[in-house]
Amino acid sequence: MRTREPGGTLGAECIRDILLNLGHSYSPIIETLLFTAARIDHMDELILPALKAGKIVLCDRFIDSTRVYQGIAGLLSQEFLLFLEKVAIGYRVPDLTFIFDLSVDLGLARVSARKNRKNSDPFERANLFIQERRRKAFLRIAEEEPERCCVIDGSKSEKLIAAEIIKLFFMKIHV
């Protein structure tokens, strides 16, 4: 099953719309509370039932994004974020997380190719310094949690990235 955050359920998609499409920026604490509310709904309505049914859940973004965007880059305390994380997901963490690493310049070029920067979301419009802080924060998480996180060279072609993901996924489930 494929899903995304914020989003995946009706309630979480409404929160996504508030966060990304209304042209308003919120403080990191408000963002975090909204993301947490969306994640709780997402977990209760979609992820947990799918896992209980024995399905594999592939989610675009999850806890690490909150740790990075609102924590490390938004300067919220890790204690506060971990508390909200436990509220939202308990002690469940993903079995495997892929972190796609690529230069900020290449990432922003891809955003521009996908849609014009004026129509990008508030997170995509952040300056280069903040974007690089986020990139380094994701890499630090991968370094701190190597049993869960795999860093993938995001500058490669989609075909090569897909092949690497499949290889790493099957290595993980056969351990």
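The model is predicted: local features need pLDDT of at least 70, side-chain atom pairs count only at pLDDT 80 or more, and totals for chains, interfaces and linings use all residues. Residues are numbered from 1 along each chain as its sequence is written, and side-chain values use heavy atoms, with hydrogens and water left out.

The mean pLDDT of the protein chain is 89, with 90% of its residues at 70 or more. pLDDT is the predictor's confidence in each residue, on a scale from 0 to 100. Among the elements, E3 has the highest mean value (97) and H5 the lowest (80). Elements are DSSP runs numbered from the N terminus: helices (H or I) of at least four residues and strands (E) of at least two.

Two backbone features fall in loops. Arg61 is not a glycine, yet its phi is positive, about 75°. It sits in the loop between strand E2 (58-60) and H3. A cis peptide bond joins Glu5 and Pro6, with omega about -10°. Pro6 belongs to the loop between strand E1 (2-4) and helix H1 (10-20).

Helix H6 spans residues 128-144, 17 residues in total. From first to last C-alpha it reaches 24 Å, close to the expected 24 Å at 1.5 Å a residue. The expected span is 1.5 Å times one less than the number of residues. Gln131, Arg134, Ala137, Phe138, Ile141 and Ala142 are the buried residues of H6. They cover an arc of only 140° around the axis, which puts them on the same side of H6. The arc is taken from the directions from the helix axis to the C-beta atoms. An α-helix has 3.6 residues a turn, so residues three or four places apart point the same way. Phe129, Glu143 and Glu144 are exposed on the other side of H6. The buried residues pack against H3, strand E3 (97-101), helix H5 (104-114) and strand E4 (149-153).

The largest nonpolar core comprises eight residues: Val68, Tyr69, Ile99, Ala137, Phe138, Ile141, Ala142 and Cys149. H6 gives the largest share, four residues. Such a core is a set of buried Ala, Val, Leu, Ile, Met, Phe, Trp, Tyr and Cys residues joined through side-chain atoms within 4.5 Å. A second, separate core of seven residues includes Met43, Ile47, Leu48 and Phe62.

Ala137 touches Val68 and Ile72, residues up to four places away in sequence not being counted. Asp64 lies in H3 (residues 63-72). Asp64 is buried, at 6% relative accessible area.

The structure holds two aromatic pairs. Rings of Phe, Tyr and Trp (its six-membered ring) pair if their centres lie within 6.5 Å; planes under 30 degrees apart count as stacked, over 60 as edge-to-face and the rest as tilted. Tyr69 and Phe138 are edge-to-face, 6.2 Å centre to centre with 65° between the planes. This pair links helices H3 and H6 across 69 residues. Tyr69 and Phe138 are buried. The rings of Phe169 and Phe170 have centres 5.3 Å apart and planes at 80°, so this pair is edge-to-face. Phe169 is partly exposed at 24%, and Phe170 is partly exposed at 43%.

Definitions and conventions. Buried means under 20% relative accessible area, exposed over 50%, partly exposed in between (1.4 Å probe, protein chains only). Contact means heavy atoms within 4.5 Å.
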